Amino acid sequence: MSAASNPVDVHVGNRIRLRRTLLGMSQERLGNALGLTFQQVQKYERGRNRVGASRLYDLACVLDVPVAFFFDGLPDRGMEQGADVVGEAAGMAESTACVAPIAGVKEEGRAETPVDDLALLSRRETIDLVRAYYGIEDSGTRRRVLDLVRSMGA
């Protein structure tokens with residue numbers, strides 16, 4: 001991450017890359033579906049360029065996920081600080097409640113955010129394993145494979 005990249009933009013970009021990779025989609029194919037170049041997709045995925053609301057909506061449609069998918073894993077800072085959403089116009093109050101901390105930086109009174117989860121999900125080995133797992137048509141067999149892997153990891 002460069003000094004100019006916002007941690008939220010980097011997180012959203014990582015989620016875009018994760019979903020695109022899980023679908024087996026190239027940056028070029030995603031770009032074509034959105035009317036963009038693969039270089040623009042790269043910039044989004046790296047957090048170098050901020051993804052606007054309409055583009056995020058388009059990405060959610062193309063990648064077949066809800067918009068909230070891109071924000072999964074970010075702390076909900078507004079609720080932690082006890083913001084009175086009923087008494088205020090949501091999102092209009094001037095505060096730093098929505099400023100997310102950089103993943104892995106421990107704040108006073110808070111548990112450290114797991115940094116490795118997204119990196120783990122982005123690894124080629126993990127993606128191949130998930131694809132192979134869901135390639136098993138019989139749900140009973142899938143369950144037994146899951147039980148076997150869990151027993152081996154414990």
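The questions below ask how terms apply to this predicted model.

In this predicted model, local features need pLDDT of at least 70 and side-chain atom pairs count only at pLDDT 80 or more, while totals for chains, interfaces and linings use all residues. Residues are numbered from 1 along each chain as its sequence is written, and side-chain values use heavy atoms, with hydrogens and water left out.

Q: What makes up the secondary structure of the protein?
A: The protein has eight helices and zero strands, in the order α-α-α-α-α-α-α-α along the sequence. Helices (H or I, at least four residues) and strands (E, at least two) are DSSP runs, numbered from the N terminus.

Q: Why is Val 67 called partly exposed?
A: Its relative accessible area is 32%. Buried means under 20%, exposed over 50%, and partly exposed in between (1.4 Å probe, protein chains only), so Val 67 with 32% is partly exposed. Val 67 is found in the loop between α4 (53-63) and α5 (77-80).

Q: What makes the nonpolar surface patch that includes Val 67?
A: Tyr 57, Val 67 and Phe 71 make this patch of about 270 Å². Like charges are joined within 9 Å, and nonpolar side chains (Val, Leu, Ile, Met, Phe, Trp, Tyr) within 5 Å. The areas come from the Shrake-Rupley method with a 1.4 Å probe; for residues, only the protein chains shown count as cover.

Q: Why is the aromatic pair of Phe 69 and Phe 70 called edge-to-face?
A: A search of the whole structure finds two aromatic pairs. Phe 69 and Phe 70 form one of them, at 5.6 Å centre to centre and 80° between the planes. Rings of Phe, Tyr and Trp (its six-membered ring) pair if their centres lie within 6.5 Å; planes under 30 degrees apart count as stacked, over 60 as edge-to-face and the rest as tilted. The pair is therefore edge-to-face. Phe 69 and Phe 70 are both buried.

Q: What makes Tyr 133 and Tyr 134 an edge-to-face pair?
A: Their values are 4.9 Å centre to centre and 85° between the planes, so the pair is edge-to-face. Tyr 133 is partly exposed at 21%, whereas Tyr 134 is exposed at 60%.

Q: How do you know that Arg 15 lies over the face of Phe 69?
A: Arg 15 is at 4.0 Å from the ring centre. The rule asks for NZ of Lys or CZ of Arg within 6 Å of the ring centre and within 35 degrees of the ring normal.

Notes:
Patch = residues over 30% accessible without salt bridge, like charges linked within 9 Å, V, L, I, M, F, W, Y side chains within 5 Å. Salt bridge = Lys/Arg side-chain N within 4 Å of Asp/Glu carboxyl O.
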